[in-house]
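Please read them with the sequence and structure open.

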Protein chains: 2
Amino acid sequence: MSQMKSEHIPKATIGRLAVYIQVLENLLRDGNDVISSEKLARACSVNSSQIRKDLAYFGEFGVRGVGYYVQELITSIKQSLGIDRIWKCALIGVGNMGAALLRHHDFEKRGFHIAAAFDCDPDKIGREFESLEIVCPTHLKEQAPEMGLEIGIITTPPDRAQRAANHLVDANIRGIINFAPARINVPAHIPVEYVDFFDHLYAIAFQITLGND
Amino acid sequence: MSQMKSEHIPKATIGRLAVYIQVLENLLRDGNDVISSEKLARACSVNSSQIRKDLAYFGEFGVRGVGYYVQELITSIKQSLGIDRIWKCALIGVGNMGAALLRHHDFEKRGFHIAAAFDCDPDKIGREFESLEIVCPTHLKEQAPEMGLEIGIITTPPDRAQRAANHLVDANIRGIINFAPARINVPAHIPVEYVDFFDHLYAIAFQITLGND
DNA sequence: TCAATCATGTGAAATATTTAACAAGGGGAG
DNA sequence: CTCCCCTTGTTAAATATTTCACATGATTGA
Ligand SMILES: NC(=O)c1ccc[n+]([C@@H]2O[C@H](COP(=O)([O-])OP(=O)(O)OC[C@H]3O[C@@H](n4cnc5c(N)ncnc54)[C@H](O)[C@@H]3O)[C@@H](O)[C@H]2O)c1
Ligand SMILES: NC(=O)c1ccc[n+]([C@@H]2O[C@H](COP(=O)([O-])OP(=O)(O)OC[C@H]3O[C@@H](n4cnc5c(N)ncnc54)[C@H](O)[C@@H]3O)[C@@H](O)[C@H]2O)c1
């Protein structure tokens, strides 16, 4: 957060910054060292002013008359978002979804290290999965500070999501991602993000239906 | 789409409607037959006018002085979104993520039937998974119209996403959900939704970092 | 039947976000 | 060194979305 400039940043901006990183990393892989906001905009399907405005919230990263140095810009965006370091995560609910996430090594690559896995199923507790021992959630409170766990990932069934959230809050976790389709209540200072694929399926179904009339 | 009233509907509204359905179904399960916009608003962490406005895009579903009949409202929202029917989906890429989705029976429950699974790996082609035979993507073009496949779900590695999209477009699919972290190009009339968990992880990391200053 | 009550649906006001337009400034050719 | 070109950063205008405020209409009980 080296050069933050502005007060409130639109939620939508954060989403777009994630897209910019994705596209910039592909550009870099293809050998592009420099890019203009105009070209980046086309690749991201947004307006070029939008990109310049989004970046302006955090600082000045470009060179007038030239554009942005791709590697430098990636670094700057990551710094701005606070993802220029490793975040340690705790996953609760090692089922279908939880296991898929544990096997997915992009988490590590992108700076989110799932350092501990919890499940309340006695058959699972004590077993090892992806080189993590599955632990009972009651141990969260003692393990979280010990291990420096900061973000909780909930992948329990929806009717267990609140319970899982309670464990996380109790363990002083600082933010929560909830994959279960259920709202949870936590203290206001703990940010919660809901991941629900069905949002997107609904949006597609709606757009298809619209275009069809 | 029985009683559509308005022209353009904000994207954010669609996202909220998905949340309303989620919360309403829980309310129904808990035995609530009627609910006011005020109470629903609290459960969804939004403003009550927002709810009334969102619903007003599609029609009048409430009763003044009373509120909304929960079951009726669920039905109305589903009709409005075009999810009051079964959508047949094709999944491309039966790896880690694709397999988790195939095993996840909420898709069926929510009206999205994954009717066919494609993968280009010779070791996987011909195998059966979750009672679906895994098929080579070159067969998409012939199978899609036969089976009435309408929505494509991409779960290939990112560098294969465009190829998968091409197969889907070629097969006259009507909409695409892309789980791979890569932008894809398709004709303008085909809606694409990108699912990327990292958006949410970034958002959490950012909010934690902000609150920390 | 009528009045009191209550929560919706909606137009108008307040905010927020996106887009356009351009002044400012870096880089390179001559 | 100067001029010209190019693209950023930013201010201002245009849109879009959210919130407020209240008239409207359904329901209930006297
Ligand atoms: N699988 C998918 O593709 C998918 C897709 C979207 C959403 N989801 C959501 O993700 C969640 C998990 O789905 P799944 O398919 O993995 O289900 P699952 O039943 O396979 O796994 C759930 C796991 O959570 C554990 N659990 C239950 N209560 C717990 C508690 N209080 N503390 C700790 N662990 C607990 C169970 O023992 C089980 O291992 C669900 O809410 C589901 O709706 C899954
Ligand atoms: N696993 C997760 O939890 C997770 C989370 C977020 C995003 N993703 C994304 O989902 C995608 C899939 O991830 P994964 O972990 O399942 O990877 P994976 O390697 O396990 O599976 C990819 C599958 O796609 C198949 N495939 C490759 N090219 C293909 C083509 N042209 N046509 C058809 N099939 C093809 C492969 O044979 C393989 O079976 C990746 O883009 C990944 O970034 C996965």
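1. The surface near DNA strand C is made up of eight nonpolar, 10 polar and nine charged residues. Here Ala, Val, Leu, Ile, Met, Phe, Trp, Tyr, Cys and Pro count as nonpolar, Asp, Glu, Lys and Arg as charged, and the others, Gly among them, as polar. A residue is near a molecule or strand if one of its heavy atoms lies within 4 Å of it.

2. On provenance and conventions: this is a predicted model, in which local features need pLDDT of at least 70 and side-chain atom pairs count only at pLDDT 80 or more, while totals for chains, interfaces and linings use all residues. Residues are numbered from 1 along each chain as its sequence is written, chains are lettered from A and ligands numbered from 1 in the order in which they are written, and side-chain values use heavy atoms, with hydrogens and water left out.

3. Which residues come closest to DNA strand C? Of the 27 that surround DNA strand C, the closest are A:Arg64, B:Ser37, B:Arg52, B:Gly62 and B:Tyr68. Of the atoms of DNA strand C that come within 4 Å of the protein, 69% belong to sugar and phosphate.

4. Helix H1 (11-29) and H3 of chain A, together with H3 of chain B, each supply at least two residues of the surface near DNA strand C. H3(A) gives the most, with four residues. Helices (H or I, at least four residues) and strands (E, at least two) are DSSP runs, numbered from the N terminus.

5. DNA strand D has 26 residues around it, with A:Ser37, A:Arg52, A:Tyr68, B:Arg16 and B:Arg64 nearest. Sugar or phosphate accounts for 66% of the atoms of DNA strand D within 4 Å of the protein, and bases for the rest. Helix H3 (48-56) of chain A and helix H3 (48-56) of chain B each supply at least two residues of this surface, and the largest share, four residues, comes from H3(B). By class, the surface has seven nonpolar, 10 polar and nine charged residues.

6. The side chain of B:Arg64 instead places an N or O atom 2.5 Å from a base oxygen.

7. Between the protein chains, 59 residues of chain B are in contact (heavy atoms within 4.5 Å) with 58 residues of chain A. The buried area is about 5500 Å², of which carbon and sulfur atoms give 71%; this is the accessible area (1.4 Å probe) that two parts lose on being put together, summed over both. There are 14 residue pairs in polar contact, both residues at pLDDT 80 or more. H9(B) gives the most to the side of chain B that touches chain A, with 15 residues. That side has 38 nonpolar, 11 polar and 10 charged residues.

8. The rule finds two salt bridges across this interface, a salt bridge being a side-chain nitrogen of Lys or Arg within 4 Å of a carboxyl oxygen of Asp or Glu. One of them joins A:Asp196 and B:Arg110 at 3.9 Å, N to O.

9. Why is the site of ligand 1 described as shared between chains? Residues from chains A and B surround ligand 1, so the site is shared. Among its 25 surrounding residues, the closest are A:Asn96, A:Met97, A:Asp119, A:Lys124 and A:Thr156. A backbone N or O atom of A:Met97 is 2.7 Å from an oxygen atom of ligand 1, and a polar side-chain atom of B:His104 is 3.3 Å from a nitrogen atom. Taken alone, ligand 1 exposes 820 Å², and the protein buries 86% of that (Shrake-Rupley method, 1.4 Å probe; for residues, only the protein chains shown count as cover).

Conventions:
Polar contact = N/O pair within 3.5 Å; in protein donor to acceptor, adjacent residues only side chain to side chain.
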